[in-house]
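Trainee: Hi, I'm new to this one. Could you walk me through it?
Mentor: Happy to. Let's get it up on the screen.

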Amino acid sequence: MHLKIAIQMDPIAAIDINADSTFRLAEEAQARGHSLFFYTPDKLYWDNGRVMARGWPLQVRRVQGDHFTLGDEQDIDLGDWDVVWLRQDPPFDMGYITTTHLLDQIHPDTLVVNDPFWVRNFPEKLLVLEFPDLIPPTMIARDLGAIRRFKDEHGDMILKPLYGNGGAGVFRLDPNDRNLSSLHELFTGLSREPLIAQKFLPDVSNGDKRVILVNGDPVGAINRVPATGETRSNMHVGGRPEKVALTARDLEICAAIGPTLRDHGQIFVGIDVIGDYLTEINVTSPTGIQELERFDGINVAEKIWEVIEAKRAG
């Protein structure tokens, strides 16, 4: 099978080829005989009923500093392509949301991965609310009084932007902290969005587990351990990836959420688990497949492409 694959992502020159999941997906697609086209989200546009993108034919190779070659810049009609990958990084803002609306116009005739309608309606920190028995005590609120009552009840909590990413803007407020009002003032001055508060989970010191699911099924996990003196375990802010096995609780969580993900076209998903609790379901641009392949020899990119190829063959 030969597929025409368009990849909507951030500038490819700046990526880390040893960590970037999109690069690994492109590399595997190329090895399977598919052709690649690259464009950035700002080059996506709608023109008289056609969803178009201005970009470049792409070839990739695992050579640091020389990892890609672009063909001649051109405009393509994405409706003529087999697959479009929605892979730019958050933030999940109105620019991101607009791209999902445009890509809705061609899906599913052109298979958009992950399904853009449900990417838009499944924000990482909101989808978990569908599974209240799996998550720690959580509040979504903008009102300072409500957030203060949550802190009074739980004592030690995490406060973060509802649509943030990569560990940015994540604060731990312990029982002795006096900064809630100031942080609330800061956050609400920057945006009109609510905040998310969660009870602090001491198990985070042992790591924040990233479990990867393909078409709703767990394929493996990596553990992300916070740096010394740091609460956040995100690799963007110094978290250290480690080899880890899936536990019975991890499998229980995946069994509960897997059918929802599969039924709504979320082929590549990364969930975050701290101790026994689900904290996020990442559908916008999940990461971790290169680390998992290095630790456990699991070729997640291959599994993802097998699912996509089966959908296109059907």
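Trainee: How many bridges join strand S14 to S15?
Mentor: Four bridges link strand S14, residues 217-225, with S15, and the two run antiparallel. Keep in mind that this is a predicted model.
Trainee: Okay. Which residue in S15 is the bridge partner of Asn223?
Mentor: That's Glu242.
Trainee: What order do the strands of that open sheet have?
Mentor: The order is S15-S14-S13-S16-S17, five strands with antiparallel pairing.
Trainee: And which are the edge strands?
Mentor: Strand S15, residues 240-243, and strand S17, residues 277-282. Each of them pairs on one side only.
Trainee: What does the twist average from one strand to the next?
Mentor: From each strand to the next, the average is 30 degrees.
Trainee: Which strands does helix H7 lie across?
Mentor: Helix H7, made of residues 248-263, lies across S13 (208-214), S14, S16 (268-274) and S17. Relative to S16, helix H7 runs at about 145 degrees.
Trainee: Changing topic: where is Arg24 placed?
Mentor: You'll find Arg24 in helix H1, which covers residues 21-31.
Trainee: Is Arg24 buried or exposed?
Mentor: Arg24 is buried, because its relative accessible area is 9%, and buried means under 20%.
Trainee: What is Arg24 in contact with, leaving aside its neighbours within four places in sequence?
Mentor: Arg24 is in contact with Arg62, Ile289, Gln290, Glu293, Asn299 and Ala301.
Trainee: Now His101. Which helix is that in?
Mentor: His101 sits in helix H2, residues 94-104.
Trainee: Why does His101 count as partly exposed?
Mentor: Because its relative accessibility is 41%, and partly exposed lies between the buried cut-off of under 20% and the exposed one of over 50%.
Trainee: How many residues apart in sequence are His101 and Pro116?
Mentor: They are 15 residues apart in sequence, and in space their C-alpha atoms are 7.3 Å apart.
Trainee: Last topic, cavities. How many of 30 Å³ or more are there?
Mentor: The count comes to one. The largest cavity holds about 60 Å³ of space.
Trainee: What lines the largest cavity?
Mentor: Its lining is Pro90, Phe92, Pro123, Glu124, Lys125, Leu162, Tyr163, Gly164, Asn165 and Thr284.
Trainee: And how does that lining split by class?
Mentor: Five of the lining residues are nonpolar, three are polar and two are charged.
Trainee: Thanks, that helps a lot!

Terms used. Residues numbered from 1 in each chain as written. Predicted model: local features only at pLDDT ≥ 70, side-chain atom pairs only at ≥ 80, totals over all residues. Heavy atoms only, no water. 1 Å grid on protein atoms, 1.4 Å probe; cavity = no way out; pocket = protein on both sides within 12 Å on 5 of 7 lines; lining within 4 Å. Points joined across faces, edges and corners; volume = space filled by probe spheres on them. Nonpolar A, V, L, I, M, F, W, Y, C, P; charged D, E, K, R; others polar. Pairing = 2+ DSSP bridges. Axes fitted to C-alpha atoms, helices over the stretch in contact; angles between N-to-C directions. Contact = heavy atoms within 4.5 Å. Buried < 20%, exposed > 50% of the residue type's maximum accessible area, 1.4 Å probe, protein only.
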